[in-house]
Amino acid sequence: MPPYKAGKAVVSADGRSYKLSSNESPYEPLPSVVEAVAKAATEIHRYPDPAATGLTHALAERYGVPPEHIALGAGSVTVAQQLFETVNEPGAEVIYAWRSFEAYPLLADLAGTVSVRVPLLGETHHLEAMAEAVTPQTRMIFVCNPNNPTGTVVHAAELEAFLDRVPENVLVVLDEAYREYVRDADVTDGLTVYRDRPNVAVLRTFSKAYGLAGLRVGYLIGGEAVATAVRKTTVPFAVNHLAQAAAVASLAAEDELLERVDTVVKERTRVREALIAQGWTVPVSEANFVWLRLGERTTEFAEACAAEGVAVRPFAGEGARVSIGSAEANDTFLAVAGAFERP
């Protein structure tokens with residue numbers, strides 16, 4: 001069984017290092033968040049609140065949902081793992097697009113569920129084919145929106161048509177780790193969908209837009225029955241005390257944080273337009289990264305970037321995902337991309 005491969009950092013011969021391989025925020029934590037973590041650090045001799053009551057109620061207030069509809073975990077990938085454990089039984093099938101988030105097949109294998117991978121269509125989810133892949137053994141479907149690593153999105157009308165075809169006893173998980181970066185008005189907010197569909201749940205995280213990747217906080221919002229079942233699979237004290245404090249402080253500083261997101265979105269547009277001007281084909285991204293389909297030259301491209309101190313995320317034989325970083329990091333990447341012979 002292959003292990004999960006995290007994005008790596010690289011250093012050029014002259015000491016430059018730009019990590020654009022993990023979709024992290026390029027910004028340091030806000031002072032108010034650092035202050036909250038520092039205060040919480042004086043209490044780490046105690047176990048964290050196992051129910052994360054303060055954070056749960058802060059999320060409930062932020063999104064206007066009942067606290068009973070929320071389940072937390074150490075990052076949204078851990079909540080996804082809890083979902084796999086929740087639905088698993090002998091012969092259970094889980095459908096997801098491919099390529100999509102690379103953890104899905106690993107989590108499926110760990111839980112003992114059967115993966116059903118449906119190829120992308122034009123770099124995005126082929127929802128019609130995914131609906132046709134449903135069988136009596138299907139227990140769950142993941143729709144990563146925006147999709148990781150391609151950055152593409154599913155629009156409202158096609159999502160609604162897809163959900164209408166999915167049996168009510170099949171859980172549809174809208175994985176919205178990059179929701180804050182979406183600017184396409186035709187992309188439905190999953191939190192408006194789940195309220196009318198008991199078999200829909202939404203995954204989100206504090207790792208990306210909120211810049212808390214190092215503390216690991218993710219959450220699910222879904223119907224009470226779904227959230228309750230997922231909470232039963234949570235490892236006790238999964239979300240540590242510092243993470244809870246940082247997440248609550250981040251919600252309080254959301255306006256300031258989202259200004260940073262706007263800056264990333266502007267850089268995303270600049271990077272994509274520059275790549276297109278260089279002759280690259282780049283799908284429209286609604287996340288904090290761009291996708292280059294490189295095929296057999298993917299590894300060569302990643303090595304060319306690494307030589308200049310730029311770490312990207314290669315998927316051998318397919319393409320490379322490149323996070324949006326600081327303007328300096330993005331310019332260095334664009335220089336490499338401009339000098340590379342396009343496939």
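This is a predicted model: local features need pLDDT of at least 70, side-chain atom pairs count only at pLDDT 80 or more; totals for chains, interfaces and linings use all residues.
Reader: Is Glu-176 buried or exposed?

Author: The relative accessible area of Glu-176 is 2%. Buried means under 20%, so with 2% Glu-176 counts as buried.

Reader: With the side chain of which residue does the side chain of Glu-176 make a polar contact?

Author: Residues touched by Glu-176, not counting those up to four places away in sequence, include Asn-145, Thr-188, Val-202 and Arg-204. The side chain of Glu-176 also reaches a backbone atom, the nitrogen of Gly-190, at 2.9 Å. The side-chain partner, at 2.7 Å, is Arg-204.

Reader: How much space lies in the largest cavity?

Author: The structure holds 1 cavity of 30 Å³ or more. The space in the largest cavity is about 100 Å³.

Reader: Which helix gives the largest share of the lining of the largest cavity?

Author: The lining is made up of 17 residues, and Ser-25, Ala-209, Tyr-210, Leu-257 and Arg-260 lie nearest the centre of the cavity. The largest share of the lining amounts to 4 residues. These come from residues 254-278, helix α10.

Reader: How many residues in the lining of the largest cavity are nonpolar?

Author: The lining of this cavity has 17 residues. By class, 3 of the lining residues are polar and 2 are charged. The number of nonpolar residues is 12.

Methods. Residues are numbered from 1 along each chain as its sequence is written. Side-chain values use heavy atoms; hydrogens and water are left out. Buried means under 20% relative accessible area, exposed over 50%, partly exposed in between (1.4 Å probe, protein chains only). A polar contact is a pair of N or O atoms within 3.5 Å; within protein, one must be able to donate a hydrogen and the other to accept it, and residues adjacent in sequence count only if both atoms are side-chain atoms. Contact means heavy atoms within 4.5 Å. On a 1 Å grid over the protein atoms alone, a cavity is a set of points where a 1.4 Å probe fits but cannot get out, and a pocket is an open set with protein on both sides within 12 Å along at least five of seven lines; lining residues have an atom within 4 Å of a point. Grid points are joined across faces, edges and corners, and a volume is the space filled by probe spheres set on the points. Helices (H or I, at least four residues) and strands (E, at least two) are DSSP runs, numbered from the N terminus. Ala, Val, Leu, Ile, Met, Phe, Trp, Tyr, Cys and Pro count as nonpolar, Asp, Glu, Lys and Arg as charged, and the others, Gly among them, as polar.
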